[in-house]
Amino acid sequence: MIAERGTRVLNNVQAINEALDLALAKDERVVLFGEDVGTMGGVFRASDGLAQKYGEKRVFDTPLAESGIVGFGIGLAMAGLRPVAEIQFAGFLYPALDQILSHLGRMRHRTRGRFTIPMVIRAPYGGGVKTPEQHADSPEALLAHVPGVKVVIPSSPERAKGLLLAAIEDPDPVFFLEAIKLYRGVKAEVPEGYYTLPLGQARVVREGDAASLFCYGGMVEVCLKAAEVAAREGVELEVVDLETLVPLDTPTILSSVRKTGRAVVVYEAMRTGGFGAEIAARIAEEALDYLQAPILRVAGWDAPYPPFSAVENFYRPDAKRVLEAVRRVLEH
Amino acid sequence: MDTIQYLDDQGRPLRDLPLSPEELLQGYRALRRARHFDERVLVLQRQGRLGVYPPFRGQEAAQVGVALCLRPDYDWLLPSYRESAAALTFGMPISKLILSWRADPAGWGAPPNVNMVQFYIPIATQIPQAAGVAHAQRLMGKDAVVAVFIGDGGTSEGDFHEGLNFAAVFNAPLLVVVQNNGWAISVPTHKQMKVQRIAQKAQGYGIPGVTVDGNDLVAVWSVAREAVNRARAGGGPTLIEALTYRVAPHTSSDDPSRYRSEEETERWLKRDPILRMKNCLLHLGLWSEDQEAALSEALEAEFLAAVEEADQAPEPKPWEIVEQVYQEMQPDQQAAWQYLRGEA
C-alpha cells in the first residue's frame with residue numbers, strides 16, 4: 001500500500017513532524033505537549049508549526065517538570081484523550097520514573113481495564129553528536145523493564161513516521177525513542193499521507209548468512225556500515241532491525257540465528273543489564289543448538305556515557321568494534 | 001489563616017448553617033454509613049476475611065463532605081488508600097470496596113458509572129494525574145470537576161508540587177484535598193513541614209487555599225461546594241486542608257503505641273465528627289433516637305447484603321495476572337497465560 005504512494009526525501013525530524021501533524025488532523029483527541037513543544041516547536045523542531053496550526057489547546061507548552069508531564073499525560077489519557085508527550089531528552093526521563101513505574105504501565109492492569117493509558121512518550125536518545133552531559137543516555141532497557149508499556153525505536157524516516165502513527169493509535173502506553181544522531185543525519189524517501197507500520201515486528205534490513213547483527217535505532221546504520229565493509233571481504237552479514245523492543249519479535253530473531261548460527265547484539269547503552277542481554281537470553285533459550293559461536297554483545301562500556309565529547313566516539317559502538325566482534329564469532 | 005468552622009466541638013451551630021435540613025440529614029446518614037463500613041470491615045479483617053486495611057475513623061467528615069459535592073458518572077475521584085469513605089459516598093458499591101480490600105481483582109475496577117480511579121498506594125503520584133484528568137474535562141468541553149485526596153505527609157513529595165503547579169498553570173477544575181490527620185504513619189506533621197497551615201502552600205501556586213475543620217461536616221461540605229462551583233465555572237483549582245486526626249492505627253498492621261501516646265487521640269475522640277453532627281441534628285430538632293436505631297439497622301442490613309455479594313465473587317484465576325497488561329495480549333503474556341491455565 002505504501003509503495004503506491006508518492007514519496008519525498010525527508011530527514012527524521014521532518015518525518016516525525018509530519019506524523020504528528022497527520023495524527024492531530026486525523027484524531028481530535030490527540031494532544032501534544034512538553035517543554036518548549038508549543039510556541040517554539042520543540043528543541044529539535046519536531047512539533048514545528050503545529051501549535052500555530054492546531055492552537056494551544058491541542059499543542060502546548062508545560063511547566064519544566066518531567067514527572068508532572070508524564071503524570072498529567074496519564075490523567076489526560078484516563079479521561080479519554082490521546083496524549084503525546086515529549087520529554088526533551090531521554091536522559092531527562094528520570095524524574096518521571098515514579099509515574100512510569102508505578103502507574104503508566106499498570107493502570108489498565110490495576111483497574112482491570114476500566115482506565116487505560118493510550119499515551120505516547122517521545123524522547124530523543126543516544127549519542128554521537130557531542131551533546132552536553134546527560135543528553136546522550138539510552139535508557140531503553142530501563143523502560144523495557146516496565147510492565148505494560150511498549151518500547152519502539154525507529155531507525156529511518158519512513159519507519160519513524162509509520163511507527164509513530166501506529167504508536168499514537170495504540171491503546172497502550174508507548175515509549176518512542178528517537179536517535180538524536182539520526183534526526184538530521186539521515187534523509188530518505190518517505191511516503192506521503194497517513195500510514196502506519198505494525199509495532200512488534202522486527203525486520204531484516206540486510207540479508208546474509210555468515211552472522212546476524214541485532215540492533216535498533218542509531219545502531220542500525222552502524223551495523224549496515226559494518227556489513228558493507230564485511231561484504232567487501234566476501235562475508236555476508238545479516239542485519240536485523242528490531243524496531244520494537246517490547247513486544248519483542250522473537251520469531252524473527254530466532255529464524256535469523258537458525259540461518260546464520262552466529263549472533264552479535266549491538267546497542268549503545270551501557271553493556272551490563274542492557275537490552276542486548278535479553279536478546280542473547282532468548283537466543284540461548286530457544287536456539288542454542290543452532291549456535292556455532294558464543295553470542296557477543298557490542299555496547300557502551302560499563303561507565304556513564306562520557307560527558308567528554310572529545311572521547312565519546314570511543315564509548316558508542318562503531319563499525320570497527322562491530323567487525324571485531326564479527327571476527328570473533330566467525331573465527332570461533 | 002482562619003480555620004473554617006460551623007459547629008463547635010459539641011456540635012452546636014456557631015452561626016447560620018449554609019445547608020438545608022434535608023442536606024444536614026443526608027450528610028449525617030452518609031457519615032454514619034461510612035463509620036459503619038469502617039467498623040464492619042475491620043471486623044472482617046480480624047476474622048481473616050479481608051487483607052491489610054487502612055481505617056479512616058475520625059476522618060469521615062473530611063472525606064464525605066467533599067464526595068457529597070460530586071456526581072460519580074460525570075465528576076472524578078482520585079483517592080489515596082485512606083479514602084474509603086470518600087469512595088463509598090462517591091458511589092463505589094460496598095461489595096466492590098470489600099473486594100478491593102480483599103485484594104480481589106473483581107474489586108479493582110470501578111463500575112462504568114463511577115469515575116473513581118483505584119486507590120493510590122504510592123504517595124502524591126495522583127496529583128499530577130488528577131490535574132491531567134481535570135484539564136482534559138476542559139479540553140473536551142465539559143464542566144466536570146476532579147477531587148484528589150492526599151495526606152499531610154504526601155505534601156512533602158515532589159509530585160504534590162508538580163501536580164499543584166500544573167493544575168494552577170492550566171487552571172484545571174481540581175480540588176486537592178489534604179487530609180491533615182496529624183500523622184504520616186509514625187511521623188507527626190511538625191516533622192514533615194515548617195509551615196503552620198498546609199493551605200498556605202496554595203500561595204506558592206497562585207491558587208486559593210482553605211483550612212477547614214475536618215471534623216465538621218457542615219464546614220467541609222460548604223467549603224468543598226464553593227470550590228466545586230468555582231472550578232465548574234472555570235475558576236481553577238483549590239487547595240483544601242481538612243484538619244482532622246487519625247484516631248486509628250495507620251493500617252490494620254500498625255502499632256501506634258510505638259510512636260505516640262493516646263492522650264491526643266482521646267482529645268480528638270471528643271471532637272468526633274459523627275457525634276458533632278448528631279448533636280447538631282438533635283439541637284435543631286431534626287433527629288431522634290428512634291431514627292438513629294432505624295438507621296443502624298438499615299446500615300447493617302446493607303452491609304450484610306454487600307458482604308454476601310462480595311463472597312459470591314468468583315475465585316480469582318491465576319491467569320488473570322497476565323490479563324489486562326495490554327489491550328491485546330502479546331506473545332510473552334500469551335505464553336504465561338497458557339502456562340497458568342495448565343495448557344502449556
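Q: If two residues are in contact when their C-beta atoms, placed from the backbone, lie within 7 Å, what covers the buried residues of helix 11 of chain A?

A: This is a predicted model, in which local features need pLDDT of at least 70 and side-chain atom pairs count only at pLDDT 80 or more, while totals for chains, interfaces and linings use all residues. Residues are numbered from 1 along each chain as its sequence is written, and chains are lettered from A and ligands numbered from 1 in the order in which they are written. Helices (H or I, at least four residues) and strands (E, at least two) are DSSP runs numbered from the N terminus; a residue is buried if 20 or more other C-beta atoms lie within 10 Å of its own, exposed if 12 or fewer, and partly exposed in between, with C-beta atoms placed from the backbone. The cover over the buried residues of helix 11 of chain A includes helix 6, helix 10 (250-260), strand 10 (211-215), strand 12 (244-246), strand 13 (263-270) and strand 14 (296-300) of chain A.

Q: Which residues of helix 11 of chain A are buried, and why do they line one face of the helix?

A: The buried residues of helix 11 of chain A are A:Phe275, A:Gly276, A:Ile279 and A:Ile283. Viewed along the axis of helix 11 of chain A, they fall within an arc of 110° and so line one face, the arc being that of the directions from the helix axis to the C-beta atoms. The face turned away from that buried side carries the exposed residues A:Ala281 and A:Glu285.

Q: And in helix 4 of chain A, which residues are buried?

A: In helix 4 (residues 97-104) of chain A, they are A:Asp98, A:Gln99, A:Ile100, A:His103 and A:Leu104, and these pack against helix 3 (66-78) and helix 5 (107-110) of chain A.

Q: What does the domain assignment of chain A give?

A: Domain bounds come from an automatic or database assignment, which for chain A gives domain 1 (2-191) and domain 2 (203-331). Between these domains of chain A, 25 residues of domain 1 are in contact with 22 residues of domain 2. On the domain 1 side of that contact, the residues divide into 13 nonpolar, five polar and seven charged, where Ala, Val, Leu, Ile, Met, Phe, Trp, Tyr, Cys and Pro count as nonpolar, Asp, Glu, Lys and Arg as charged, and the others, Gly among them, as polar.

Q: How many residues does each chain bring to the contact between chain A and chain B?

A: Chain B contributes 33 residues and chain A 36 residues. On the chain B side, helix 5 (126-139), helix 6 (158-169) and helix 11 (331-340) of chain B each supply at least two residues, and helix 5 of chain B gives the most, with ten residues. By class, the side of chain B that touches chain A has 17 nonpolar, 13 polar and three charged residues.

Q: Why does B:Val178 count as buried?

A: B:Val178, found in strand 4 (residues 174-180) of chain B, counts as buried because 27 C-beta neighbours lie inside 10 Å. Leaving aside residues up to four places away in sequence, the residues that B:Val178 touches include B:Ile150, B:Asp152, B:Ile198 and B:Ile240.

Q: Where does UniProt place the feature "domain: Dehydrogenase E1 component"?

A: UniProt positions are given in the numbering used here, with feature names shortened, and annotations may be inferred rather than shown by experiment. An unreviewed UniProt entry places this feature at residues 32-318 of chain B, a span that is 42% helix and 11% strand, with its end C-alpha atoms 37 Å apart.
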